[in-house]
Amino acid sequence: MTRMGADVATPPLPSLEGLTAEFYGHCRRQELSFQRCSSCGRWRHVPRLACVGCGSTAWSWQRSSGRGVVFSFTVIHRALHPGFDEEVPFVCAVVEMDEGVRMVARIVDEVADRTATLADAAVEVVYVHVADNVVLPAFRLSTAEARGNDRR
Ligand SMILES: [Zn+2]
C-alpha cells in the first residue's frame, strides 16, 4: 500500500495528553484559557508545570480576553503536509494576547490578499472544529479593527 491514502491527507492534530489536553478541552468549550501563576500572577503559554518567572508550581487556568494583536505572520503558499493541500494559501501568525502571552495560530478571514495590513492588526479568537474532539483556536480581524477603531 502506498502512503497516498486518506490517512496521509488528514492534517496533523495536537497530542491530547496532560496539560495540552486541558488547554484543548477549554477550546472545545469555546473558551481560550491560559495558565496563570498563583504566586506572581504571570500568564504563560504553552502549558507547562512551573512559572518561568518565579518557579512556582501553583497555578490555575484563567480565561483569556480572546483579544490580541498580530506580532508576526507568514503566508503559507506551499503545503508541506498533504493534509493542507486544499487550504493554501493561508496565514499563520504569532499573536500577542492582551494577557501578554504569545501563541501561534491561523488567521481566518480572507486576509491572504491583505497581508501588508496584518502587522499589529487587532484580532480576536474564533474556534475551528477540525476533528470530532478537536477544536483549534484561530483568529480573525477584530470587529473594532474592521470599523477602523484603533484599540491601542
Ligand atoms: Zn510566578
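This is a predicted model: local features need pLDDT of at least 70, side-chain atom pairs count only at pLDDT 80 or more; totals for chains, interfaces and linings use all residues.
I started in a loop: Val 46 sits between strand S2 (43-44) and strand S3 (59-63). The peptide bond from His 45 to Val 46 is cis, with omega near 15 degrees.

Then I looked for another cis bond and found one joining Val 88 and Pro 89, where omega is about -5 degrees. Pro 89 is a loop residue too, placed between S4 and S5.

**Overall layout**

I stepped back to get the whole chain. I counted two helices and eight strands. Reading from the N terminus, I noted the order α-β-β-β-β-β-β-β-β-α. How much of the protein chain counts as buried? I got 18% of its 152 residues. I also checked contact range: taking contacts between residues at least 6 apart in sequence, 50% join residues at least 24 apart.

I found S2 in an open sheet of three strands, ordered S2-S1-S3, with antiparallel pairing. S2 and S3 are the edge strands, each pairing on one side only. I looked at the S1 and S2 pairing and found two bridges, in the antiparallel sense. For a residue-level view I picked Gln 35, which stands opposite Arg 44 in S2.

**Positive phi**

Next I went through backbone torsions. Gln 30 has a positive phi of about 60 degrees, though it is not a glycine. I placed Gln 30 in the loop between helix H1 (18-28) and strand S1 (33-37). Is Gln 30 buried or exposed? I put it down as exposed, because it has 12 C-beta neighbours inside 10 Å and the cut-off for exposed is 12 or fewer.

Asp 120 was my other entry here: its phi is near 65 degrees, again positive in a residue other than glycine. I found Asp 120 in the loop between S6 and S7. Asp 120 counts as exposed, because I get 12 C-beta neighbours inside 10 Å for it.

**The core**

Which residues have the most contacts inside the largest nonpolar core? I wrote down Val 70, Ala 93, Val 95, Val 123 and Phe 139, in a core of 17 residues. Strand S4 (67-76), strand S5 (90-97), strand S6 (102-107), strand S7 (122-131) and strand S8 (134-141) each supply at least two of the core residues. The largest share is from S5, with four residues.

Which residues does Val 95 touch once its neighbours within four places in sequence are left aside? I listed Gly 68, Val 70, Phe 71, Arg 102, Met 103, Ala 105, Val 123 and Phe 139. Val 70, Val 123 and Phe 139 were already in my notes as residues with the most contacts inside the core.

My last stop was Val 91, found in strand S5. Val 91 counts as buried, because it has 22 C-beta neighbours inside 10 Å and the cut-off for buried is 20 or more. I also took one distance: Val 91 and Ile 76 are 15 residues apart in sequence, but C-alpha to C-alpha they are 6.0 Å apart in space.

Note on methods. Residues are numbered from 1 along each chain as its sequence is written. A nonpolar core is a set of buried Ala, Val, Leu, Ile, Met, Phe, Trp, Tyr and Cys residues joined through C-beta atoms within 7 Å. Two residues are in contact if their C-beta atoms, placed from the backbone, lie within 7 Å. Two strands pair if DSSP finds at least two bridges between them.
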